[in-house]
Amino acid sequence: MTMKTTRLLLILLAIVMTVLPAPLPAQTDASMLGDWGYGFQLGMGAQWPTGSLADDFKGYFLFTGGLTGQYRDLRLKADVSYGQPSLKNPNPYNVTDDAGHALQVNGTSSATHIGLGIQLGYTVLRSGRLSITPAVGGYMSHLSWEVNDITWDVNEQGEEHFNISKVNDVSHSHFSWMASVDFDIAVHDSLTGGGRYTSSVRVTPFIAHAAYGKLSPAVSGNYIGLTVSYAGLMRMLNY
């Protein structure tokens, strides 16, 4: 991930913090709120691979969205993310001939990465318009791209060149753990449809583990990321 993208995320966060309005007055007494709630989030951010993952893939920009179920201070959330990490290793399966020529090369400059996280969290702090909710759970990562089989030839000038003989669609999936912390900053609060709807800016740093054993050499490590999202939560009312 380039420094330019990192600066862009920091500038976006600074703008959000600058334009946030003063805390809104509570529109319902706490005793009127029910135990259950539900919501969603949509946002964007960036993700960086660490460990040997960084040998094959670069950091990248991502889009994210998900659903939330709430019971009192417990939060169950399911998030999906999409991004396109650039490929660093041109021959990730290390397929060569006896002379050391690569017999496979990446057919695309980047892969498609889809991540699915399911986490259970607990809100440990509510202060004014800020709430903090750490969460842990499982993470499914899926990578896909094209790899070309190639053959080598020599032209009339005696220069070696390769020809593509076959295009292969390859993919790798892995399920492991992840952890995150949601920093929710409430920006709007209103009564609607029998509940209290709260709009928030959600800033979420996260870490997720991944390993892809079929690559050569096998790679593993953690994805470290940060997302900034719009989050909406509906809390039902007691009557």
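Guide: Let's begin with Phe63, whose relative accessible area is 45%. Buried means under 20% and exposed means over 50%, so Phe63 counts as partly exposed. Phe61 has a relative accessible area of 32%, so Phe61 is partly exposed as well. Keep in mind that this is a predicted model.

The structure holds 6 aromatic pairs. In one of them, the ring centres of Trp36 and Tyr71 are 4.6 Å apart; the planes stand at 50°, and therefore the pair is called tilted. Trp36 belongs to strand 1 and Tyr71 to strand 2, so this pair links parts of the chain 35 residues apart. Trp36 is exposed, because its relative accessibility is 57%. Tyr71 has 30% and so counts as partly exposed. That brings us back to Phe61 and Phe63, which form an edge-to-face pair with 5.4 Å from centre to centre and 90° between the planes. Elsewhere, ring pairs join Phe57, Trp145 and Tyr212 into a cluster.

Next, look at the strands themselves. Strand 1 covers residues 33-49 and strand 2 covers residues 60-71; the two run antiparallel, with 12 bridges between them. Find Gly37 and you will see Gln70 of strand 2 opposite. Strand 2 is also joined to strand 3, again antiparallel, through 10 bridges. There, Leu67 stands opposite Ala78 of strand 3. The hairpin made by strand 2 and strand 3 has 2 residues between the strands, and Arg72 in this hairpin takes a positive phi near 55°.

Follow the chain into strand 3 and you meet charged side chains. Arg75 and Asp184 form a salt bridge, with 3.1 Å from N to O. Arg75 sits in strand 3 (residues 74-83) and Asp184 in strand 8 (residues 160-192), so this bridge ties together parts 109 residues apart in sequence. Are these two partners buried or exposed? Both Arg75 and Asp184 are buried.

Lys77 and Asp182 make another salt bridge, at 2.9 Å from N to O. With Lys77 in strand 3 and Asp182 in strand 8, this pair links distant parts of the chain, 105 residues apart. Lys77 counts as buried because its relative accessibility is 4%. For Asp182 the value is 0%, so Asp182 counts as buried too.

Asp184 has a further partner: its side chain meets that of Arg202 in a salt bridge of 2.6 Å, N to O. Because Asp184 lies in strand 8 and Arg202 in strand 9 (residues 195-212), this bridge ties parts that are 18 residues apart. Like Asp184, Arg202 is buried. Through shared partners, salt bridges join Arg75, Lys77, Asp182, Asp184 and Arg202 into one network. The total count of salt bridges comes to 8.

Finally, step back to the whole chain. The secondary structure comes to 2 helices and 10 strands, and 41% of the 239 residues count as buried. Among contacts between residues at least 6 apart in sequence, 68% join residues at least 24 apart. The chain exposes about 12,600 Å², and carbon and sulfur atoms supply 62% of that area.

Terms used
Residues are numbered from 1 along each chain as its sequence is written. This is a predicted model: local features need pLDDT of at least 70, side-chain atom pairs count only at pLDDT 80 or more; totals for chains, interfaces and linings use all residues. Side-chain values use heavy atoms; hydrogens and water are left out. A salt bridge is a side-chain nitrogen of Lys or Arg within 4 Å of a carboxyl oxygen of Asp or Glu. Helices (H or I, at least four residues) and strands (E, at least two) are DSSP runs, numbered from the N terminus. Buried means under 20% relative accessible area, exposed over 50%, partly exposed in between (1.4 Å probe, protein chains only). Two strands pair if DSSP finds at least two bridges between them. Contact means heavy atoms within 4.5 Å. Accessible areas come from the Shrake-Rupley method with a 1.4 Å probe; for residues, only the protein chains shown count as cover. Rings of Phe, Tyr and Trp (its six-membered ring) pair if their centres lie within 6.5 Å; planes under 30 degrees apart count as stacked, over 60 as edge-to-face and the rest as tilted.
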